[in-house]
Each structure stands twice: as C-alpha cells, then as structure tokens.
Amino acid sequence: MGKNINEIKNEALKELESVADVNSIKELSIRYLGRKGIITQFLRNLSNLPKDERPAAGKEANHVKIFLDEQFKNAIKRLESKSIDSGLKIDVSLPGRPSVQGSMHPISEITRQICDIFTRLGFSVVEGPEVETDFYNFEALNIPKNHPARDMQDTFYISENIVLRTHTSPTQPRTMEKQDPPVRIIAPGKVYRCDSDVTHTPMFNQVEGLFVDKDVSFGDLKGILTMFIHQMFDSETSLRFRPSFFPFTEPSAEVDIRCVMCKGSGCRVCSQTGWLEILGAGMVHPAVFENIGYDTSVYTGFAFGMGVERIAMLKYEIDDTRKFFENDIRFLRQF
Amino acid sequence: MKVSLSWLKEYAAVEMETKALADAFTMAGLEVDAVTERYEYLDNIVVGHITGISPHPNADRLQLCEVDVGNRTVSVVCGAQNVKEDIFVPVALPGASLPNGVVIGKNIIRGQHSEGMICSDVEMGIGSDSSGIKILEGVLSAGMKLSEAINISDTIIEIDLTPNRSDCLSIIGVAREAAAFNLSKVKYPEITLPDSQDNIQKFTSVKVENPELCPRYAARLIFDIKVGPSPFWLQDRLMSIGMRPINNIVDITNFVMMETGQPLHAFDYDRLAENRIVVRCAKNGEKFTTLDQKERSLTNEMLMICDGEKPVAIGGVMGGLNSEIDESTTRVLLESAYFNPISIRKTSKALGLNTDATHRFERGVDPDGTIRAINRASQLIAELGGGLLIDGIIDHRKGPVKKCLIPLNVKDTNRLLGTNFDLKIIKGLLQSIEFKVEPKDEYSIDVYPPSFRVDILRPEDLMEEVARLSGYNNIPVTFPQASGESKKPSKTPVERNRIKSIMLGFGFTEVINYSFIHKLSCDHLNFHPDDPKRNMVEILNPLTEDQTVMRTSLVPGVLGTMNLNISQQTRNLKIFEIGKIFLNNDEDSLPEEIEMVSGLWTGSCHDASWHSTEKQCDFYDIKGVLEGMFNTLKIENITFTKTPEKSLTFTKTGYSADVYIENELIGIVGEVDQQVLSTFGLKQKAFVFELNLDSLLGLIPDTISSKPVPKYPAVFRDSTIIIDNNIEATSIKNHIDLLKEDLVESIRIFDIYEGEPISKGNKSISFRITYRSSVETLEDDYVSKLHKNITYNLVKKLDATLPGDQ
Ligand SMILES: [Zn+2]
C-alpha cells in the first residue's frame with residue numbers, strides 16, 4: 001500500500017496552488033479524479049485492505065474525492081470570473097460584435113434641422129400635395145397663365161391644369177385658405193422641375209415659410225432669417241439682401257450669406273463673389289392676400305423659400321446634387 | 001442682357017469703378033452674372049517696330065519683315081501694300097486669337113518662317129479698314145500692349161434680369177439705373193429728323209383689324225435709300241453685345257431696339273402688295289415662311305402683319321422672307337408697334353420662336369416709346385442709308401396710354417418695410433428714377449410712374465422701389481411680435497421622424513428615390529390588370545424614358561437602389577424609404593397621394609467574423625423588423641397572413657405575408673419573386689416590405705396609460721405537440737386565446753422540428769406558456785393541472801398528438 005489518502009490530498013492541494021490557468025486545473029482534476037486518476041485508483045485498491053478497515057477507509061477516500069472536486073471547481077470558477085474582470089483573457093483589439101445603426105439621408109437630416117429651428121421660433125410644420133393644380137401652384141400666387149414669370153420655372157405637366165408642384169409655395173394659399181391670421185408655418189417637401197445637370201435634378205427639396213400677422217415688416221423678415229442662418233450655420237455668418245422678383249412677394253429679395261467656405265475672400269464654391277445665394281423671400285404680395293380674402297389693410301406678412309440640397313451641399317461639402325438621389329450606400333453612410 | 005459699358009456711358013455719367021458698378025447693379029436688383037473685358041483677346045497683340053524689309057524669295061506679293069517686338073526681333077511674312085520700314089504696327093504673336101476665329105501660330109509661309117502676323121483693323125475687330133495693315137501713330141515703343149497704344153477698352157456686363165424689369169432690356173434702361181446711383185439723369189439721344197418731303201398718306205395706309213392685340217401701330221416711310229454695310233461704329237456697337245451686323249437698315253432697327261428697348265421692323269415697301277399694311281389674325285392652317293427660312297403653320301390666334309394680299313410678318317415675332325430688306329431695296333416702311341404681351345407670348349410659345357422682339361414684347365415695352373423709337377431709327381436711316389424721309393407718321397392707336405396714378409402713404413410704407421423714412425426721402429428716391437411725385441398731405445403723395453415702368457401698379461410696388469433704392473441692407477433688422485399661442489406640433493412629421501429613427505436603430509439606411517419611375521414599372525412588379533396601382537399619373541413632358549410616370553409603389557425605387565449598390569460591390573444592404581405614391585383618379589382632379597414606407601434587406605445579417613459565421617438574412621429577419629417597429633410604436637392587434645395566391649405580385653409564392661392591423665390591410669412583407677428580381681437585373685435574394693404609412697400613423701395610440709408591473713411570480717410550463725405541417729404556428733396562440741384563460745400571460749414558441757422520428761407531413765412545435773396571477777402566488781400543482789388541460793384541449797382542437805403517443 002502506497003501513500004495514505006491524506007498525503008494524496010495534501011499533494012493535490014499543493015499542486016493546485018501552483019497552477020494558474022483553467023486548462024491546467026482541468027488536467028489536474030483528471031489526473032486525480034478521472035477514471036484512471038490517483039484517487040479512483042486508490043479506491044479500487046481498497047479491496048486489498050482487510051475487510052474491517054475497508055468501510056472507514058472508503059468513506060474517508062470518498063470525502064477526499066468530493067472535497068478535491070469542489071476545490072478544483074472553485075478554482076476554475078475563481079479564475080473564470082477573474083479573467084472577465086481583469087481583461088487578462090481577451091484581445092481588446094479584436095472588433096466587437098457590431099451594433100450598427102443606419103444613416104439618415106442628408107436631405108432628411110437638413111430638412112429636420114431647418115424645421116427644428118423654425119419650430120423653436122414658433123412655426124408649425126405643414127405639408128401639401130406634390131401633384132398640384134395650376135391654380136395653387138401659379139394662379140393663387142399671382143402668376144397668371146401666359147405670364148413670363150412662368151419661364152422662371154420649367155414645369156412638368158400632368159394635364160393642362162395639373163402640374164408637379166414647382167415650388168413649396170402652394171402651401172401658402174392652401175394654409176391661408178383654411179385659417180385666419182396669425183399664420184406661422186414652415187412647409188418642407190419635394191418639388192419638381194424639368195431640368196437636369198450637375199446643379200439641377202428634376203426632383204429636389206424646398207422648405208417654405210410664411211408669417212402673417214398685424215404689422216409684420218420687411219425688417220422682421222430680415223430678423224427671422226438672420227436668426228435662422230445664425231443657427232443653421234454660425235452666428236458669424238453675415239447675410240445680404242438683394243432686390244429680386246417673385247410674383248407672389250413685393251418687395252422681393254434674394255438672400256445671400258457670406259461664403260461658408262472662404263468666409264468671403266472668394267473661392268470656387270461662391271464663384272469668387274464671396275457670397276452664396278441661399279434663399280428667396282419677400283413680403284406677401286397683396287394680390288395673394290386678396291385671392292385668399294385677408295384684409296390687406298390689417299395684415300402684412302412675409303414668405304421665404306430655400307433649397308434643402310443647396311444647404312446640404314454647403315454643410316457637407318457635396319459638389320454634385322445628383323449624388324443625393326443615386327443612393328450609393330457608400331455616400332449615404334457618411335451622414 | 002449684355003451691356004457694353006462704353007455704350008452705356010453715352011447716356012449716363014458713370015463715376016464708379018467697374019466692380020463697384022457691377023455690385024451696385026446687383027444690389028439694385030439687376031443681378032450681374034459676369035463682367036468681362038471685351039478686348040481681352042488683344043492681350044497677345046503688341047506694338048512692333050519694323051526694322052527691315054526684304055522681298056519674299058518665293059512669292060512676288062509677299063515681303064519678309066524683321067520686327068522688333070520689344071524683348072526680341074521676329075520674322076514676319078506680310079502681304080500688305082502699305083508695309084514699310086520704320087513704322088509701328090500691331091503684331092499678333094503666336095497664341096493670339098483674333099475675332100474672326102484665326103489663331104496665330106508659328107508658320108512657314110512659302111518656305112519662310114513667320115512668327116506672328118501684322119494685322120489690319122478688320123482683322124483685330126477694331127475698325128473697318130481692310131485695305132492694309134494698321135500703322136500706329138503717337139508715342140510708341142516696341143513691345144507695348146496694343147490696347148494701351150490705341151487706348152481701346154470696353155467692359156461687357158451681363159445682367160440676369162428678372163421678368164418684371166422689361167424697362168432694363170435696353171442700354172438706356174440700364175443707364176437710367178446707373179444714373180440713379182449718383183443721382184444724375186440719363187441723357188437721351190437727341191433726335192433731329194432730316195427734312196422730309198411729300199406725305200406718307202399718299203403712299204400707304206395702315207388698317208388694324210384686332211386693336212386688342214395691337215393697341216398701337218406706327219409707320220414711317222423712307223425712300224431712296226441705299227442698302228449696304230453699316231459704318232464700323234454701328235457694327236461695333238452690335239458686335240459688342242453679341243449681335244451680328246447684317247446691313248445698314250436691319251442694323252439700325254436692331255441698334256434702336258437695343259438702345260431704347262422698342263423692337264422695330266423694316267419692310268421693303270415695294271414688296272408690299274398695294275403698298276399698305278393690314279394687321280389681322282392669321283387663318284387656321286395658313287402657312288408662312290419666316291426670315292429664318294422656316295415654314296410656319298399658323299392659327300387664328302396669331303397676329304399677322306399683312307400687305308394688301310398676304311402676311312408679311314408675324315407681328316412682334318419675326319418678319320417674313322417675302323418682304324425682307326436686301327441690296328435691291330430702295331424704299332422702306334418702318335414699323336414701330338405695341339403688341340399685346342399675352343398674345344405675343346402665346347404665339348411665341350406655339351411656334352417655339354423666341355426672338356429679341358418677343359422677349360421684349362411679352363414682358364411689355366414702353367407703350368409711350370413707340371414714336372421716339374421710330375423717329376430715332378428714321379433719323380439714323382436717313383443719315384446712314386442716305387435716304388429721303390417722307391413726311392408724317394401713321395400712328396394707329398386704340399386710345400391714349402392711361403396715366404397710372406398710385407397713391408402712396410408714408411406710414412404704410414414704413415409699416416411694411418420696418419423703416420422710418422419721411423416723405424421727403426421717399427419723394428427723392430422715386431424722383432431719381434423718373435417717377436413723378438405730387439404731394440397730397442403730410443403723409444401721402446400721388447405717384448405717376450414713367451410709362452416704361454410697366455411693372456409698377458400698386459403702392460407695394462412703389463414701396464419696393466423705395467426699399468431698393470435706399471438699399472435693402474439699410475433696412476433695420478427687427479423681430480416680429482409673435483401673437484397668439486404657438487401650435488402643438490403636427491402629428492405626421494413627428495411620427496414620421498420617429499419611424500425613421502426606429503428604422504435607423506434597426507440598422508437601415510434611408511434612401512430617397514425620384515418620385516417618377518418607368519412607365520412599365522407596374523408590369524415589372526407583376527401588378528394585376530385591375531390593380532388600382534396601375535392607375536398611374538403620367539407626365540406629359542418627361543425628361544427621360546424611365547421617369548415618365550409617378551410611382552404607385554416604392555418597391556421599384558428600392559430595387560433600383562439595390563441594383564446600383566450591388567453594381568458598386570455593396571452586396572449587403574439594409575435600406576428604407578419613406579415617400580409618397582400617387583394613384584390617379586381621373587383626368588381633371590388631383591391624384592390620391594399616399595405616404596408609404598418601404599424597406600429592403602439583402603445579403604447577410606452579419607458578416608463572417610472571429611465570433612460568428614456569416615448568416616444570410618431571411619423572411620423572419622425582415623418580419624422581425626416590422627414587429628419591432630410596431631412594438632415600439634405601441635401598435636397592437638397585428639396579424640401576418642399568407643398572401644393569397646391570386647393577389648401575389650412582386651413577392652414569391654409561399655414567402656409572402658399580408659400585414660393586417662386591426663383587420664385593416666396595411667401592407668406586404670416577403671421575399672422578392674425571382675422573375676421580378678431578374679427584371680431589375682438582380683440575382684441575390686431580397687426581402688422587402690411596403691406599408692401604408694398614413695394608415696400606420698393613424699394606428700399609433702395618442703396616449704399611453706401605464707399598468708402596474710406584476711407583483712407575483714410567474715410560473716412557466718413547456719409543451720410539445722405534433723401537428724399537421726400545414727397548420728400555421730399562430731393557430732396555437734389563437735386557440736389558447738379563445739380559451740380566455742386569465743392566468744395565461746403569454747405564449748412563446750421556442751422550437752419547431754420536422755423529420756425523424758416525427759412522421760412525414762407533421763411537425764413538432766414546442767411552446768412555453770407563462771402563467772401569472774395578479775392577486776396571488778400560483779400553486780405549482782394548480783398550474784400543472786391547468787397546463788395539462790390547455791394542452792389536452794389544444795391536442796383535440798388541432799387534431800394533434802403528444803410526442804409519447806407516437
Ligand atoms: Zn467662397
């Protein structure tokens with residue numbers, strides 16, 4: 001008969017202390033407790049003992065077996081929890097299991113930003129149909145049939161009296177028809193013109209704004225748009241108002257901002273002028289109010305419209321407007 | 001509108017630098033598009049000093065000149081008679097390009113090197129002398145730039161005019177604005193008519209049959225003219241703004257049009273039948289050949305200028321070939337008229353004929369400028385064409401031009417502009433651009449706009465002039481008083497953005513496709529012949545074949561996007577689009593516009609990686625997206641039912657589900673049919689959904705009422721039953737629901753198995769029921785009994801067996 005069971009136990013514990021990884025403990029466990037393990041062997045050899053000693057020795061050996069098994073398992077558990085805590089056992093340079101969000105289309109994102117700014121200024125968002133009557137798209141906006149101003153917009157026709165809206169401005173008469181002043185709306189949406197090149201796509205996006213109340217002035221228009229530009233770009237961006245012509249506003253203005261690329265010193269984006277045309281605006285033409293039935297002696301108002309693509313191109317330094325509708329995922333994932 | 005600065009300076013004193021002038025125009029509403037130096041091409045022409053001449057060895061009429069061009073001496077072959085030693089001449093050096101299109105290079109002329117060209121006036125586009133080379137006079141030195149030597153320069157300013165400013169479609173019109181910058185006045189050209197003879201009434205008559213379309217028609221006669229080239233100054237003026245000189249008579253009518261804005265037309269008097277003019281509408285189908293040698297088909301809405309027999313011009317649009325001025329012309333009838341702008345525009349549109357004349361007439365010419373212009377042209381024709389002016393004007397008019405009076409109130413002006421102008425300032429500004437102002441009282445004036453400002457009709461138009469002239473940028477920035485409450489944000493945009501965020505969270509990227517698609521898209525998607533989505537809105541004037549109709553589904557767009565990205569090697573794609581579809585009602589009403597949301601998932605769910613193998617997406621992935629979306633939106637009562645065979649379109653048989661919410665069909669989800677895929681040039685599997693967003697938004701609950709979280713623990717019981725393969729898994733839930741057992745909190749299927757040892761045609765389904773009471777902790781025994789009952793019930797209802805029974 002070789003070592004007694006307590007010696008075996010002490011040796012096993014000593015060995016356990018000297019190993020520090022899970023695999024070695026498992027090997028140790030097999031070496032002592034496996035089918036051909038030391039303890040198993042010991043138990044088998046008990047038959048060589050005198051009959052009366054066998055039960056006590058067997059019991060003791062079994063206790064040791066259970067005790068060691070517990071020790072091995074606990075050691076493994078300790079090591080495993082330790083490896084999670086200490087980071088010793090993972091390769092942090094491996095990529096994690098991905099949680100990938102999609103990307104918002106840049107046009108949606110910019111539209112949202114524009115609407116958010118105006119919503120904060122007390123405007124509410126309205127929307128209108130994209131296929132529109134000649135009446136709302138033109139006539140109600142003081143653009144009669146056979147007026148040269150119609151040449152300013154290349155129109156897609158559905159029938160003689162139905163068009164794809166060429167601007168978001170039809171939302172103006174549509175809104176005013178339904179409510180009395182005060183009116184404070186912002187109307188984003190798709191518009192269509194039959195024009196296609198690097199700077200034009202046959203479909204694009206505009207945001208229209210309309211503010212009608214007592215004593216609203218051109219100065220107020222300048223105020224609201226200045227506030228908008230400062231929030232959209234930055235508070236250093238200066239604005240320039242130029243006289244222009246829209247049949248549904250009088251006075252009418254084009255609004256330029258200081259080139260956001262060159263800060264006014266002149267570059268390719270601003271055609272060396274230092275200014276970027278960004279908005280059309282003006283005081284609502286009395287003919288538009290008359291069509292609706294607003295009292296022009298009481299109410300005045302301003303309206304403005306801007307191209308979303310134009311602003312997105314400036315914000316994200318995009319040079320070709322067609323990219324917006326190609327939907328190359330490698331482009332869209334950048335936003 | 002192109003404006004030559006030197007021409008403009010004939011009428012207005014300009015004190016500003018060119019750049020400042022261009023800025024001033026822009027800020028006055030005349031947006032300057034481009035400023036170019038007209039003689040830039042002369043930069044490669046320098047002053048040369050001829051230091052030696054020898055005969056050309058191989059050509060009798062050519063000479064070989066040694067020319068000092070400042071930094072070197074070059075050999076130039078010259079054929080002019082007047083070339084001689086020790087003169088200064090303009091030398092076009094290699095690289096120079098001349099107005100006639102010639103580009104100078106290093107040449108070998110009859111065996112002799114020639115490094116440049118000695119030029120004549122004509123060759124340089126600066127004069128009419130073509131008899132020989134130009135000999136330069138004055139204090140000169142070799143190598144000087146020619147433009148400095150002859151002091152020639154002109155700036156061309158291109159103005160992008162808005163359609164309201166027809167008064168600026170002339171050099172004088174633009175000069176008027178320039179003059180106002182320094183508060184000076186335009187100098188109108190003085191018109192002194194030559195002595196006239198006889199009387200026009202003896203030779204011709206004008207009859208206007210449609211005075212509404214031609215409110216004014218004036219005519220003059222000039223006899224004994226000689227048609228020939230115009231003098232250089234006149235040709236030069238026209239060329240400076242891009243017009244081609246033709247002959248003196250035509251050039252004069254063009255010159256006066258550009259000077260005054262009034263289009264004129266000259267007829268060959270002797271080619272007018274009965275030597276008279278009749279203004280009337282054409283007959284339907286009448287044919288007429290215009291000056292550009294094209295035969296036009298006319299309608300009875302088109303106003304024609306006729307002689308005693310036939311049309312000779314389309315009024316205000318273009319003259320006819322049959323009465324054109326040519327070398328043989330000796331007598332001219334000059335026309336200056338005011339045509340109805342709408343009529344001109346209609347005719348011009350119908351014929352697709354845009355001319356300088358239609359451009360002006362349709363925007364409105366000065367109704368009071370008719371006579372001035374015809375006299376100005378008569379004066380020039382008599383001067384330059386050597387003619388004899390016949391006494392008198394035929395001036396056929398509907399009635400005198402009404403003087404337009406607009407009252408203007410100072411307070412109203414300041415209220416609209418947000419300014420603080422007093423009456424004196426407003427008066428001064430308006431007077432600076434020739435508006436007549438009569439004071440009425442302390443706060444109001446009567447304003448008479450000049451006749452050429454046809455765009456000024458209302459007080460607001462005057463207010464714009466005041467704002468424009470004082471400078472928009474000088475108007476103070478103010479902020480409006482917001483009256484009333486601001487409204488609650490409208491639901492649609494808010495919820496739409498929420499759905500976008502949900503889709504982004506699920507890893508889908510937003511795309512935006514054109515609203516117009518290919519006409520055959522309905523065929524491409526296998527829509528049934530009577531599908532309402534076949535009622536497409538058609539565009540009358542589409543740009544391209546694949547953009548001819550408005551979409552009735554977002555699916556062609558997302559499949560197109562998939563195609564584009566796969567061609568760019570992006571094979572794994574999760575995209576969605578939110579946008580409108582358009583269903584046609586009938587010809588004259590607006591189509592129904594429905595907002596839809598569509599998603600597409602193709603390729604792998606996740607790539608092969610160190611932690612997992614690649615997994616291709618499948619039906620359950622995309623269905624899970626919808627379930628996740630509905631769940632987030634708190635939309636309940638959703639059912640997915642197998643799309644009936646007969647209503648299948650772009651989805652694959654057996655792999656398609658109709659989506660119902662509260663028994664309303666709101667969309668479809670499924671795998672794209674093979675055939676449809678290949679129509680879109682696609683091979684790999686794709687899973688799509690398309691839902692009616694408008695319906696979906698309506699189903700989102702407006703309010704959420706919270707419920708208490710459970711106080712008592714749940715008890716779980718699992719079962720497995722074996723049922724017919726054709727029974728949908730959902731029937732288990734449906735049947736248990738029917739039992740209305742309060743303690744059943746939820747049912748979850750966790751395993752489905754087909755194959756050994758399950759007999760063919762059957763499948764085993766394992767599910768877990770969660771039991772919970774809201775008032776007590778459930779007894780194990782009680783739940784076990786309940787569960788056994790439910791399972792037994794299920795087995796009976798679904799004709800199922802339990803695993804042990806087999
Ligand atoms: Zn710039």
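A polar contact is a pair of N or O atoms within 3.5 Å; within protein, one must be able to donate a hydrogen and the other to accept it, and residues adjacent in sequence count only if both atoms are side-chain atoms. Keep that in mind as you click around.

Some ground rules: this is a predicted model, where local features need pLDDT of at least 70, side-chain atom pairs count only at pLDDT 80 or more, and totals for chains, interfaces and linings use all residues. Residues are numbered from 1 along each chain as its sequence is written, chains are lettered from A and ligands numbered from 1 in the order in which they are written, and side-chain values use heavy atoms, with hydrogens and water left out.

**Stop 1: where the chains meet**

Color chain A and chain B separately. In chain B, 87 residues are in contact (heavy atoms within 4.5 Å) with 93 residues of chain A. The two chains bury about 7300 Å² between them, 58% of it on carbon and sulfur atoms; buried area is the accessible area (1.4 Å probe) that two parts lose on being put together, summed over both. Now select Arg415(B), Tyr472(B) and Ile512(B): in chain B they lose the most area to chain A, together 10% of what that side buries.

Stay on Arg415(B), which forms a salt bridge with Asp215(A), the closest N and O atoms being 3.3 Å apart. A salt bridge is a side-chain nitrogen of Lys or Arg within 4 Å of a carboxyl oxygen of Asp or Glu. Between chain B and chain A there are four salt bridges, along with 35 residue pairs in polar contact (both at pLDDT 80 or more). Next, show helix 15 (residues 491-505) of chain B, which gives seven residues, the largest share of the side of chain B that touches chain A. Helices (H or I, at least four residues) and strands (E, at least two) are DSSP runs, numbered from the N terminus.

**Stop 2: the zinc ion**

Select the zinc ion and zoom in. It is coordinated by the SG atoms of Cys259(A), Cys262(A), Cys267(A) and Cys270(A), at 2.2 to 2.3 Å. Donors here are N, O and S atoms within 2.8 Å of the metal (3.2 Å for Na, K and Ca); water is not among the atoms, so sites may look incomplete. The angles among the four donor atoms are 101 to 113°, making the site tetrahedral (all angles between 85 and 135 degrees for four donors).

**Stop 3: strand 8 of chain A**

Pick Pro251(A), found in strand 8 (residues 249-258) of chain A. A cis peptide bond joins Glu250(A) to Pro251(A), with omega about -10°. Then find Asp256(A), which forms a salt bridge with Arg242(A), the closest N and O atoms being 2.8 Å apart. Asp256(A) lies in strand 8 and Arg242(A) in strand 7 (residues 239-246) of chain A, so the pair ties together parts that are 14 residues apart in sequence.

Technical notes: Four donors count as tetrahedral if all angles lie between 85 and 135 degrees; four count as square planar and six as octahedral if opposite donors are over 155 degrees apart and all others between 65 and 115; anything else is irregular.
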